[in-house]
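Colleague: Could you put the model up so that we can go through it slowly? I am still learning to read these.

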Amino acid sequence: MSLSVPVQHLLVYRADGFRVTEGANLGDAISVGDDLVPNDIYVLSPTATRHRLALHVHGDARIEVAPESELGTSGAALHLDCAVQLMSPEGELVEALVLVEVDADSTIAEIFLLPLSQLDAGLDYQLVDVNRDRAQRKFALVACVSFSRGTRITLASGAQCPIEDLKVGDRVLTRDHGAQEVRWIGQSTVRATGDFAPIVIKAGTLNNEGDLVVSPDHRLFVYQRSDRIGAGQRELLVKARHLVNGQSVYVMQGGFVDYFQILFDRHHIIYAEGIAAESLLVEPRTRPALPRDLLEKLSDILPHHGGRGDHGLEVQKILLDRPDAIELLRRASQK
């Protein structure tokens with residue numbers, strides 16, 4: 001196993017916690033797409049809990065269970081089988097992904113359900129759609145770092161431009177490589193629930209000029225003039241979700257959110273609402289979120305787009321599990 005392959009984490013249910021209570025597959029757990037029957041009614045068990053599934057996504061898009069995973073067998077292959085749409089009793093659509101672990105003989109060892117929206121125990125969820133083609137893109141979008149509509153991006157001129165007004169070819173200020181041209185801007189509108197619910201970092205929390213609203217795994221860059229957090233390194237990358245304290249940093253649940261992704265020739269640190277944050281990193285998991293024609297057009301540069309550790313140490317959540325973590329980061333980054 002290459003140590004350079006990053007570990008990614010998902011919060012999933014075991015399949016046996018989500019079973020059919022009415023329909024053709026009565027009593028069966030959620031399964032692979034070929035076995036699912038539309039209109040079956042599923043219920044999440046009150047005892048079902050989400051567990052951390054750690055995985056490696058290799059350069060050839062192979063997915064394996066990582067050694068630190070709470071579920072699965074280390075080194076076992078994982079397959080993204082399908083995306084399912086479920087309807088709640090109130091008529092709300094819930095999307096989820098079905099992941100399958102297989103053994104050395106390619107036999108199914110375990111099945112996991114990754115909800116992309118809130119699933120409530122005890123409610124009836126009607127299966128309305130099963131789609132294999134959509135699964136890869138949905139899985140990729142969860143991993144894509146995204147800014148919300150209205151986020152002000154610093155241009156090379158110093159001007160502040162709302163992200164929805166940026167255009168391909170605009171020159172944006174980057175921390176390490178000066179002015180860089182935007183190569184592509186992605187946009188998607190999703191329900192602000194589950195792994196798609198944005199994180200709000202209120203103005204001033206990390207010396208940001210305005211509220212910064214980003215996707216949960218978006219990493220902010222912090223340069224510590226003194227190592228107040230105890231990371232052992234000055235240049236840090238901190239996931240927005242790891243800063244949530246319910247007050248100055250909180251999850252914005254409900255409704256819809258417009259997400260935008262900015263792509264450059266390389267992975268860069270740019271400035272959003274006056275603070276440093278990463279641009280989209282093209283790696284095996286995020287690649288399916290890009291249009292096919294764009295992948296072909298940029299095929300010469302994408303293999304060298306960058307790595308997750310290029311701009312500093314990614315801080316693990318354990319270092320941030322303290323009430324003064326945000327204040328320490330804010331003070332460490334001040335002049």
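Colleague: Is Phe18 buried or exposed?
Modeller: Phe18 has a relative accessible area of 1%, so it counts as buried (buried means under 20% relative accessible area, exposed over 50% and partly exposed in between, with a 1.4 Å probe and protein chains only). Please keep in mind that this is a predicted model, in which local features need pLDDT of at least 70 and side-chain atom pairs count only at pLDDT 80 or more, while totals for chains, interfaces and linings use all residues. Residues are numbered from 1 along each chain as its sequence is written, and side-chain values use heavy atoms, with hydrogens and water left out.

Colleague: How many aromatic pairs does a search of the whole structure find?
Modeller: The search gives two, where rings of Phe, Tyr and Trp (its six-membered ring) pair if their centres lie within 6.5 Å, and planes under 30 degrees apart are called stacked, over 60 edge-to-face and the rest tilted. One of them is the stacked pair of Phe18 and Tyr42, with 5.1 Å from centre to centre and 15° between the planes. This pair links distant parts of the chain, since Phe18 belongs to strand 2 (residues 18-22) and Tyr42 to strand 3 (residues 41-44), 24 residues apart. Helices (H or I, at least four residues) and strands (E, at least two) are DSSP runs, numbered from the N terminus.

Colleague: And what about the rings of Phe18 and Tyr125?
Modeller: The planes of Phe18 and Tyr125 stand at 50° and their ring centres are 6.4 Å apart, so this pair is tilted. It too joins distant parts of the chain, with Phe18 in strand 2 and Tyr125 in strand 9 (residues 124-131), 107 residues apart. Tyr125 has a relative accessibility of 1%, so it counts as buried, and ring pairs link Phe18, Tyr42 and Tyr125 into a cluster.

Colleague: What sits over the ring of Phe139?
Modeller: That is the charged end of Arg285, 4.1 Å from the ring centre; the rule asks for NZ of Lys or CZ of Arg within 6 Å of the centre and within 35 degrees of the ring normal.

Colleague: Which residues have the most contacts inside the largest nonpolar core?
Modeller: Phe139 comes up again here, together with Leu97, Leu114, Leu263 and Leu290, in a core of 39 residues (a nonpolar core is a set of buried Ala, Val, Leu, Ile, Met, Phe, Trp, Tyr and Cys residues joined through side-chain atoms within 4.5 Å). Helix 1 (residues 133-143) gives the most to this core, namely five residues. A second, separate core has 35 residues, among them Phe147, Leu206, Ile229 and Ala277. In soluble globular proteins, nonpolar side chains tend to be buried together.

Colleague: What is Leu97 in contact with?
Modeller: If we leave aside its neighbours within four places in sequence, Leu97 is in contact (heavy atoms within 4.5 Å) with several residues, including Leu80, Cys82, Phe112, Leu114, Lys138 and Phe139.

Colleague: New topic: where does Glu273 lie?
Modeller: Glu273 lies in the loop between strand 22 (269-272) and strand 23, and because its relative accessibility is 4%, it counts as buried. Beyond its neighbours within four places in sequence, it is in contact with residues including Gly150, Arg152, Asn208 and Asp211. Most residues other than glycine have a negative phi. Asn39 has a positive phi too, near 80°, and its place is in the loop between strand 2 and strand 3.

Colleague: Where does Leu281 lie?
Modeller: Leu281 is in the loop between strand 23 (275-278) and helix 2 (292-297), and with a relative accessible area of 5% it is buried. The C-alpha atoms of Leu281 and His305 are separated by 7.1 Å, although the two are 24 residues apart along the chain.

Colleague: Last one: how many helices and strands are in the protein chain?
Modeller: There are four helices and 24 strands, and buried residues make up 49% of the 335 residues.
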